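Please go through the structure shown below and work out how its parts are arranged. The questions that follow take it element by element.

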Amino acid sequence: MPVYVVTDNPEDLDPLPRVTILSARAYLADPRLAHLRNARVLNLCRSHRYQSIGYYVSLLAEARGHKPLPCITTMQDMKSQSIIRLASDECKASLDRCLEPEKDDKLSFNIYLGHTPEPGRERLAASVFKLFYSPFLRASFTKSDGWHLQNVSPLGLADIPPNEMAFARDALAEYAEGHRFSPQRRTPPHYHLAILHNPDEALPPSCPKSLKRFIRAAEDLDVAAELITREDSRRLSEFDGLFIRETTDVNHHTYRLSSRAVAEGLVVIDDPESILRCSNKVYLAENLTRHGIRTPKTLVLHHANLEEAPKAFSFPFVLKQPDSSFSQGVVKVADQAHYETEAKRLLKRSEMIIAQEFLPTAYDWRIGVLDRKPLFACKYFMARKHWQIINNQKSGRNANGRVEAVPLERAPKNVVKTALKAADLIGDGLYGVDLKVVGRKVHVIEVNDNPNIDAGMEDCVLKGELYSRVMEVFVKRMEAHKLGCGAPK
C-alpha cells in the first residue's frame, strides 16, 4: 500500500524511500490525488482541531477511501477525558511495568509510530499507539494511586524536537517498509479485512488452522486479510471489513468493536444487531414464538413467577441464563429442591431466565446460515454420558461430543427450511441454528451468531469452498458499499 505523508511544510522532512511527501493543500486540492487507490495517509499536520486543514486532510482521506492516520474518530478520542481514562485502564499492565521505577509523579514522552527514543518505555509506547492510532504522539502520565495516562495529543512535524528528528524519520521509514507489497503482488489488494480473534481463548469459534484458511480464501479474492486482537481496536479505520472470530457477548469488547466498525463504515460480520439478538435467550424465545417457529416448550421466569415452572414442566427440565453459550449457564434440574436452588442462583445474575422442556436426542442439527442462505450442515452429538454437546467438568477440562459434517442436500429439508426461517428473524449475517428432531417435529433450540467454523469439523464436506463462500459475501458487500448501493453490515 503506497504511503503518503501529508504535512504543512513538506520541506521539513527529508525524502524517504517508498514515501511520498505532500503539502496539506496539495493533497486537498489536487484532483488526481482523489483517485488514488489503497493509499495510506499519515497526517502530520500540526493542528487537528475541528475544521482546521489537518482535520480536513483526514476527513477527505476517509471520503476518498484512503486510510488516514489518525482518522477523525481518533482525533475526537484524543480530546475526550473519558476515552483517555478507558485507554489508561486498557494499558494498565504496561503502565505499571514500565513506570514503576519512576521516582517523579509526572512524565511525558513522544511516540513515533509505536516507538520512542526513551529507554525502557518501548512497550508502553506501543500500547498507547495501538489505542490512539496516530503517527506521532505526545503522551503524558501522572502517578496517583498508581500510574495513569493523563493526556495524549498528536505531534506535527514542526513539534518534533531536533534531537528526535532522526528517530522519527527512522520510524517512518520502518513503517513504510512494513507496508510495501511483496514482489509477487503486482497490484495492491482491492480490499482489506480485519479478522478479530483472541489467541488465548479456550474455546474460540475458529481454530488457528481455520483462520489461516480464511486468510488464504480472502487472498484468492484479492482481499488482504489480517488477524487482529482487541489491542488493535484503534486500527479499524485501516480496513474495509471486520470479521469477528472471537466469542461475542453484548457486555464485551466484541460488541463495542462491532458497533464502532459499523459506525466507521466497515462491512461487519457479525453486526451488533445480530450479537444483541442472538445473545439473549429471552429475546429469542419471544421472537421465535411470535413467528410460529416451533421450539421446546418455553417459559420466561422472574422472581415473581418461580412457582410456574414446576406446574408447566415435568422433571427434568432445563434452566438457561439469557446469555448462556458453549453449554455454560445451562443446567438440567432433576427435582423441586434442585430447581429452587438453581433458579435462585441464576436470578442473581439476571432479572429473567428461561425454563425449557427437556428433549433428549442423540445429536443436535447445526445449520450454518450466511446471507440468508444455507452454508453448511452438521450433526453435533452429545458428549459421552452427558445430555449436552459439551460437558463442562469441574476440573476445567471439557469433554466434547463428536461433530459430523453432512452435505446440505442430505440434511432433512424441513430442518434446513426451519433453520433459514429462524435465522431470517435475526438478520443476514453468519449464524448457527441449533435444532432437534423429535419424531417428525423440528424444534429450534437457539440461533447463535458467530458459529464455529473449525478445520476438520464444519468444513469436512465443503473444505476450502466453505471459507471462499464466506469471503465472497464480504467482497459482495464491500463492493456494494463502495458503489453506495448497500449499507455496511
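**Strands, helices and salt bridges**

Q: Is strand 6 (residues 136-143) largely enclosed or largely open, and how many of its eight residues are buried?
A: This is a predicted model, and the answer refers to it as such. A residue counts as buried when its relative accessible area is under 20%. Strand 6 is largely enclosed by the rest of the structure, because the number of its eight residues that are buried is six.

Q: Which residue is the bridge partner of Phe 109 in strand 6?
A: Strand 5 (residues 106-112) and strand 6 run antiparallel and are joined by seven bridges. In strand 6, the residue that partners Phe 109 is Ala 139.

Q: Which residue of strand 7 stands opposite Ser 140?
A: Strand 6 also pairs with strand 7 (residues 147-154), in the antiparallel sense and over seven bridges. Opposite Ser 140, the residue in strand 7 is Asn 151.

Q: Which residue takes a positive phi in the hairpin of strand 6 and strand 7?
A: The hairpin has three residues between its strands.

Q: What is the order of the four strands in the open sheet?
A: The pairing in this sheet is parallel. Strand 2 (19-23) and strand 4 (67-69) are the edge strands, each pairing on one side only. From one strand to the next the twist averages 25 degrees. The order is 2-1-3-4.

Q: What is the bridge partner of Arg 40 in strand 4?
A: Strand 3 (residues 40-43) runs parallel to strand 4, and three bridges join them. In strand 4, Arg 40 has as its bridge partner Lys 67.

Q: What angle does the direction of helix 2 (residues 53-63) make with that of strand 3?
A: Helix 2 packs on the sheet, where it touches strand 1 (3-7), strand 3 and strand 4. Its direction and that of strand 3 make an angle of about 165 degrees.

Q: Which strands does helix 7 (residues 165-178) touch?
A: Helix 7 packs on the sheet, and its direction makes about 165 degrees with that of strand 3. The strands touched by helix 7 are strand 1, strand 2, strand 3 and strand 4.

Q: Is Leu 60 buried, partly exposed or exposed?
A: Leu 60 is found in helix 2. With Tyr 56 and Leu 59, Leu 60 forms a nonpolar patch on the surface, and together they have about 210 Å² of accessible area. The relative accessibility of Leu 60 is 30%, so this residue counts as partly exposed.

Q: How many residues apart in sequence are the parts tied together by Lys 67 and Asp 240?
A: The side chains of Lys 67 and Asp 240 meet in a salt bridge of 3.1 Å, N to O. Lys 67 lies in strand 4 and Asp 240 in the loop between strand 9 (223-228) and strand 10 (241-244), so the parts that the pair ties together are apart in sequence by 173 residues.

Q: Are Lys 67 and Asp 240 buried or exposed?
A: The two residues form a salt bridge with each other. Both Lys 67 and Asp 240 are buried.

Q: Is Arg 477 buried or exposed?
A: Asp 371 and Arg 477 form a salt bridge, with the closest N and O atoms 2.9 Å apart. Asp 371 sits in the loop between strand 16 (363-370) and strand 17 (373-381) and Arg 477 in helix 15, 106 residues apart. Asp 371 counts as buried at 13% relative accessibility. Arg 477 has a relative accessible area of 10%, so this residue is buried.

Q: Is Arg 32 buried or exposed?
A: Arg 32 meets Asp 30 in a salt bridge between side chains, 2.9 Å from N to O. Because its relative accessibility is 65%, Arg 32 counts as exposed.

Q: What distance separates the C-alpha atoms of Val 461 and Phe 376?
A: Val 461 lies in the loop between strand 22 (441-449) and helix 15 (464-482). Leaving out residues up to four places away in sequence, Val 461 touches Ala 405, Val 406 and Pro 407. Val 461 and Phe 376 are 85 residues apart along the chain, and their C-alpha atoms are separated by 8.2 Å.

Definitions and conventions
Residues are numbered from 1 along each chain as its sequence is written. This is a predicted model: local features need pLDDT of at least 70, side-chain atom pairs count only at pLDDT 80 or more; totals for chains, interfaces and linings use all residues. Side-chain values use heavy atoms; hydrogens and water are left out. Two strands pair if DSSP finds at least two bridges between them. Helices (H or I, at least four residues) and strands (E, at least two) are DSSP runs, numbered from the N terminus. Axes are lines fitted to C-alpha atoms, for helices over the stretch in contact, and angles run from 0 to 180 degrees between N-to-C directions. Contact means heavy atoms within 4.5 Å. Patches are made of residues with over 30% relative accessible area and no salt bridge: like charges are joined within 9 Å, nonpolar side chains (Val, Leu, Ile, Met, Phe, Trp, Tyr) within 5 Å. Accessible areas come from the Shrake-Rupley method with a 1.4 Å probe; for residues, only the protein chains shown count as cover. A salt bridge is a side-chain nitrogen of Lys or Arg within 4 Å of a carboxyl oxygen of Asp or Glu. Buried means under 20% relative accessible area, exposed over 50%, partly exposed in between (1.4 Å probe, protein chains only).
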